[in-house]
Amino acid sequence: MSTGWIEAVMQMNANIVAAETRFHGQVAHLVATAKRGQDTMQEEALLASYRNSLDLLRTIQTRLLQNTTVTP
């Protein structure tokens, strides 16, 4: 039985965790910038980009899991 898909899922999970970390860090940065009364346009654009990346990774993960079949 091939277990390559397990490693692929584990790597995808690690990529998702890293993307979530970037996303949440950017949220904190955006809030801090807004509290200082500064323009947040660039921070918002970066946050949207991080969110898109995270969504894409989750979509890939879902497809990967849907396409796996376990055969004895």
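In what follows, a residue is called buried when its relative accessible area is under 20%, exposed when that area is over 50%, and partly exposed in between, as found with a 1.4 Å probe on protein chains only. By that scale Ile-60, at 45% relative accessibility, counts as partly exposed. The model is a predicted one, in which local features need pLDDT of at least 70 and side-chain atom pairs count only at pLDDT 80 or more, while totals for chains, interfaces and linings use all residues. Residues are numbered from 1 along each chain as its sequence is written, and side-chain values use heavy atoms, with hydrogens and water left out.

The chain holds two helices and zero strands; here helices (H or I, at least four residues) and strands (E, at least two) are DSSP runs, numbered from the N terminus. The C-alpha trace spans about 60 × 15 × 10 Å along its principal axes. The radius of gyration of the chain is 17 Å, whereas a compact globule of 72 residues would have one near 11 Å. This radius is taken over C-alpha atoms, and the globule rule is 2.2 Å times the number of residues to the power 0.38. Of the 72 residues, 19% count as buried. Among contacts (heavy atoms within 4.5 Å) with a separation of 6 or more, 64% come from residues 24 or more positions apart.

The two helices can now be taken together. Helix H1 covers residues 4-35 and helix H2 residues 41-66, and they pack at an angle of about 160° with their axes 9 Å apart. H1 is therefore roughly antiparallel to H2. Axes are lines fitted to C-alpha atoms, for helices over the stretch in contact, and angles run from 0 to 180 degrees between N-to-C directions; those under 35 degrees count as roughly parallel, over 145 as roughly antiparallel, 65 to 115 as roughly perpendicular and the rest as oblique. By class, 16 nonpolar, six polar and six charged residues make up the contact of H1 with H2. Ala, Val, Leu, Ile, Met, Phe, Trp, Tyr, Cys and Pro count as nonpolar, Asp, Glu, Lys and Arg as charged, and the others, Gly among them, as polar.

Thr-40 sits in the loop between H1 and H2 and counts as buried because its relative accessibility is 13%. Leaving aside residues up to four places away in sequence, Thr-40 touches Leu-30, Thr-33 and Ala-34. Ile-60, in helix H2, is 20 residues from Thr-40 in sequence and 30 Å from it in space, C-alpha to C-alpha.

Within helix H1, Gln-26 is buried, with 8% relative accessibility. Its contacts, again not counting residues up to four places away in sequence, are with Glu-43, Leu-46, Leu-47 and Tyr-50. Glu-20 also lies in H1, and at 24% relative accessibility Glu-20 counts as partly exposed. Glu-20 and Tyr-50 stand 30 residues apart in sequence, yet their C-alpha atoms are 8.2 Å apart in space.

Leu-56, found in helix H2, is exposed, with a relative accessible area of 56%. Between Leu-56 and Ile-16 there are 40 residues of separation in sequence and 9.5 Å in space, C-alpha to C-alpha.
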